[in-house]
Amino acid sequence: MKFMPSIVMAGAGLLLMSLPMAAHHSFAAEYDSTKKIELKGVVTKFEWTNPHAHFYIDVTDPAGKVEHWNLELASPNMMQRNGWTRHSLKEGDIVVVVAARAKDGTWTGSADTIQKSDGTKLTFMAAPPPPDVK
Amino acid sequence: MRKSFLIGTVLAATIAAASLVVAQDAAPAPGGGKGPAKGQTRGGKGRGPAGPTGPAPRMSDGTPDLSGAWMGSGSNSGDISKGLKPGEQIIMQPWAEALMKTRKSQDDPEANCLPTGVPRGAPYPWRIVQTPTHYFILFEGNIHSFRQIFMNGKHPDDPDPTWYGHSTGTWNKDTLVVDSVGFNDKFWFDYLGHPHTEKLHTIERYTRTDLGNMTIDVTIDDPGAYTKPFTTTGRARLQPNTELLEYICQENNIDLVHVNAPAQLP
């Protein structure tokens with residue numbers, strides 16, 4: 001797996017479409033939604049847990065160094081309501097992930113889209129919008 | 001009152017447990033891929049279609065029937081001042097304003113899997129269960145808990161401060177009026193960290209305007225933190241074909257180590 005060091009400065013339109021919404025903590029306090037990263041790696045673990053599902057991938061850069069990424073998803077309940085199951089990802093899957101990286105610079109991100117090697121695209125990552133006001 | 005607390009607690013726990021069993025047994029298929037399942041809406045600030053249309057249902061005795069799974073709340077969970085009724089404003093006591101400026105997102109009780117209190121909503125569905133003596137609000141999240149509303153009840157003289165307070169309910173025509181006191185000062189009104197004190201008194205007004213929609217007005221009176229009462233308004237949308245699912249926030253709450261920033265919007 002080659003690390004794809006593309007930090008994508010997303011356009012305003014893309015931002016509006018893909019800006020993740022509030023979960024049980026502030027997204028904006030944790031992630032920089034203006035910088036998207038693209039990672040290609042192998043799934044090492046999929047946690048179908050609350051308050052957020054997570055999956056972990058190993059990304060190998062051209063020099064052979066392996067980075068262990070932790071990628072956050074929405075809650076399993078909200079993901080189920082949008083087509084996910086606990087089998088949607090599994091260890092060994094090869095994936096290309098577009099994510100917002102954590103502001104603290106760790107190998108942590110909030111997944112935006114996931115493309116599996118069989119062509120399957122998983123797209124609903126974020127929790128739903130905050131409760132209604134007017 | 002202590003007896004009614006006990007009865008209410010046991011009854012609520014029973015109903016909540018039964019509801020969960022039903023939810024897990026009867027939960028609909030989770031939908032077919034991208035976006036909400038057929039007949040569902042995501043709710044949110046004008047996003048997606050409105051809820052189903054038709055007249056608001058009534059129970060056999062004529063009482064408005066508030067049943068169903070709902071998304072939404074009576075205030076803006078990001079910034080409570082955004083949900084104010086026209087002409088309303090929030091003026092904080094100086095100490096409250098100073099406290100708010102020191103708050104950090106990782107200390108938000110909601111982020112720590114603690115209750116949102118009143119009136120802050122969470123991005124998960126909830127359900128009202130009406131019995132002759134008690135109404136219950138069952139929450140899928142932020143914590144998998146419930147509020148109990150003592151219909152035509154009275155507040156205790158000196159209630160212990162709690163996350164959801166002590167709530168009594170009455171009907172004013174077709175509006176359920178919920179009066180609550182006895183709150184602790186631990187929960188935040190929103191992601192920005194608007195604070196409150198144990199003097200908090202809330203009056204919520206729930207009106208099911210039609211089959212798929214509910215308006216919720218909340219008057220907040222806390223002379224300990226604000227110079228005068230204010231009222232926020234919001235709405236909830238019915239979530240057809242949705243059952244509450246189990247949500248145990250404490251299970252794997254591993255993200256807060258990365259949430260190191262001043263309290264801010266979602």
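Q: How many salt bridges does the structure hold over all chains?
A: This is a predicted model, in which local features need pLDDT of at least 70 and side-chain atom pairs count only at pLDDT 80 or more, while totals for chains, interfaces and linings use all residues; side-chain values use heavy atoms, with hydrogens and water left out, residues are numbered from 1 along each chain as its sequence is written, and chains are lettered from A and ligands numbered from 1 in the order in which they are written. A salt bridge here is a side-chain nitrogen of Lys or Arg within 4 Å of a carboxyl oxygen of Asp or Glu. Over all chains, the number of salt bridges is 11.

Q: Which residue forms a salt bridge with A:K116?
A: A:K116 belongs to strand β6 of chain A, and its partner sits 23 residues away in the loop between α3 (76–80) and β5 of chain A, where helices (H or I, at least four residues) and strands (E, at least two) are DSSP runs numbered from the N terminus. Both residues are buried, a term that means under 20% relative accessible area, with exposed over 50% and partly exposed in between (1.4 Å probe, protein chains only). The closest N and O atoms are 3.8 Å apart, and the partner is A:D93.

Q: Why is strand β6 of chain A described as largely enclosed by the rest of the structure?
A: Strand β6 of chain A covers residues 108–116.

Q: Which strand is joined to β6(A) by 7 bridges?
A: Two strands pair if DSSP finds at least two bridges between them. Strand β4 (residues 66–72) of chain A runs parallel to β6(A) with 3 bridges, and β7 (residues 121–122) of chain A pairs with β6(A) in the antiparallel sense over 2 bridges. The strand with 7 bridges runs antiparallel to β6(A), with A:A99 opposite A:A111, and is β5 (residues 94–102) of chain A.

Q: What is the relative accessibility of B:R120?
A: The side chain of B:R120 meets that of B:D108 in a salt bridge (2.8 Å, N to O). Both lie in the loop between α2 and β2 of chain B, so the pair ties together parts that are 12 residues apart in sequence. B:D108 is buried with a relative accessible area of 2%, and B:R120 also counts as buried, at a relative accessibility of 4%.

Q: Which residue forms a disulfide with B:C113?
A: A disulfide is a pair of cysteine sulfur atoms within 2.5 Å, and a search of the whole structure finds 1 over all chains. With -65 degrees about the S-S bond, the link is left-handed, and it connects B:C113, in the loop between α2 (94–102) and β2 (126–130) of chain B, to a residue 136 residues apart in the segment after β9 (230–238) of chain B. Both cysteines are buried; the sulfur atoms are 2.0 Å apart, and the partner is B:C249.

Q: How many residues line the largest cavity?
A: A cavity is a set of points on a 1 Å grid over the protein atoms alone where a 1.4 Å probe fits but cannot get out, and lining residues have an atom within 4 Å of a point. The largest cavity holds about 230 Å³ of space. Its lining divides into 11 nonpolar, 8 polar and 3 charged residues, and B:S73, B:P119, B:R120, B:G121 and B:F139 lie nearest the centre of a cavity whose lining residues number 22.

Key. 1 Å grid on protein atoms, 1.4 Å probe; cavity = no way out; pocket = protein on both sides within 12 Å on 5 of 7 lines; lining within 4 Å. Points joined across faces, edges and corners; volume = space filled by probe spheres on them. Nonpolar A, V, L, I, M, F, W, Y, C, P; charged D, E, K, R; others polar.
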